[in-house]
Amino acid sequence: MTTEKWQIANKTLQSRLFIGSALYPSPAIMKEAIKYSGAEVVTVSLRRQGSSKTSGESFWSIIRSLGLEVLPNTAGCHSAKEAVTIAQMSREIFETNWVKLEVIGDQYNLQPDPYETVAAAKILIKEGFEVFPYTTDDLVVAKRLADAGCQILMPWGSPIGSGKGLMNPYNLRTLREQFPTLKLVVDAGIGKPSHAITAMELGYDAVLLNSAVALAQEPVAMARAFALAVEAGRLGYEAGAMQEREFASPSTPTVGVPFWHQGRN
Amino acid sequence: MIPVTINGTPKHLPKNTSIQEMLTMLAYDNQWSGVAVNTTFIAKKKHHETIIKAGDEIEILSPIAGG
């Protein structure tokens, strides 16, 4: 029994795990981990590199060999203008109109700047991009992004690379309830497979993670663990979990209990 | 020669250098480089016709790993 295929943007996918390509001990481990994750979407970026005819080519050739959907990010941008420029450049280089919109407002916790993110989203949507906006779990910011035309929201679980999991499940649940028709992807802060399960059990459509796999002691094994976790979480969500109770309720029948005496607790 | 900044480093280029000529000079003439001038993206199809001016801040970026 596996989960069914699902649609995001213009693509139909089987996996609900998106994976990053950074921080791995080696390119070979990156490639194996991505394969074992089963992810069909991989994030990439653009940076200044040395003057060379092969700048970026070896990394990019590995990613291309995997045949996955590429989701370029605008990591490192601090303004809407910078993010739009990087998105436009990414579209040309990576030949996709998908963009993970990241506009950072603070270097300590890499929290997205809500104002610049919304401003950039408006511009990019007008220019025909499919915007995957990295945001906090703030409902009002999410509403502004949805009003700007975003069909996908990517709220953080916790700060990028922190591994702290889902800091505010209440807010994440609220976003799920308030945006039933949008695709929601928990992005950032996931550290363990249990975090991914929780996100999927909340009804999120997917999770995006990088450090949790790349910085694990065994990245390839961890990638497999996350693949299973995301599948399990989604199956659990679709199966409909039992209602939580405040009191105990025996699962073994109470009729015919041996040694039973009237009045005993 | 005109002063410019390329990837954060001050450099000098001959007057009337196009973006394409600059990329060739600096050995960036592969298909996996993107260019922005003064935070504005310049599409590849305009590289031959866009002339770099004194004081321009140029970014030449290539694919890299990202999260």
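This is a predicted model: local features need pLDDT of at least 70, side-chain atom pairs count only at pLDDT 80 or more; totals for chains, interfaces and linings use all residues.
Good morning. I shall begin with D113 of chain A. D113(A) sits in the loop that runs between β6 (98–101) and α4 (114–126) of chain A. The residue is buried, yet D113(A) forms no salt bridge. K122(A) is the nearest side chain of opposite charge, and it is 12 Å away. A salt bridge would require a separation within 4 Å, so K122(A) does not qualify as a partner.

What, then, lies 3.0 Å from a polar atom of the D113(A) side chain? It is the backbone nitrogen of E116(A). If we set aside the neighbours within four places in sequence, D113(A) is in contact with V103(A), I104(A) and G105(A).

D113(A) belongs to its lining, together with P112(A), P114(A), T117(A), Y134(A), T135(A), T136(A) and V141(A). Two elements of chain A, α4 and β7 (130–135), each give two or more residues to that lining.

I turn now to the open space. The volume of the largest pocket is about 530 Å³. How many residues line the largest pocket? There are 32, and those nearest its centre are L23(A), I160(A), G161(A), S211(A) and, from chain B, G67(B). The elements giving two or more residues to this lining are β4 (41–48), β10 (206–209) and α8 (211–214), which belong to chain A.

Conventions. Residues are numbered from 1 along each chain as its sequence is written. Chains are lettered from A and ligands numbered from 1 in the order in which they are written. Side-chain values use heavy atoms; hydrogens and water are left out. Helices (H or I, at least four residues) and strands (E, at least two) are DSSP runs, numbered from the N terminus. Buried means under 20% relative accessible area, exposed over 50%, partly exposed in between (1.4 Å probe, protein chains only). Lys and Arg count as positive and Asp and Glu as negative; His and the chain ends are not counted. A polar contact is a pair of N or O atoms within 3.5 Å; within protein, one must be able to donate a hydrogen and the other to accept it, and residues adjacent in sequence count only if both atoms are side-chain atoms. Contact means heavy atoms within 4.5 Å. On a 1 Å grid over the protein atoms alone, a cavity is a set of points where a 1.4 Å probe fits but cannot get out, and a pocket is an open set with protein on both sides within 12 Å along at least five of seven lines; lining residues have an atom within 4 Å of a point. Grid points are joined across faces, edges and corners, and a volume is the space filled by probe spheres set on the points.
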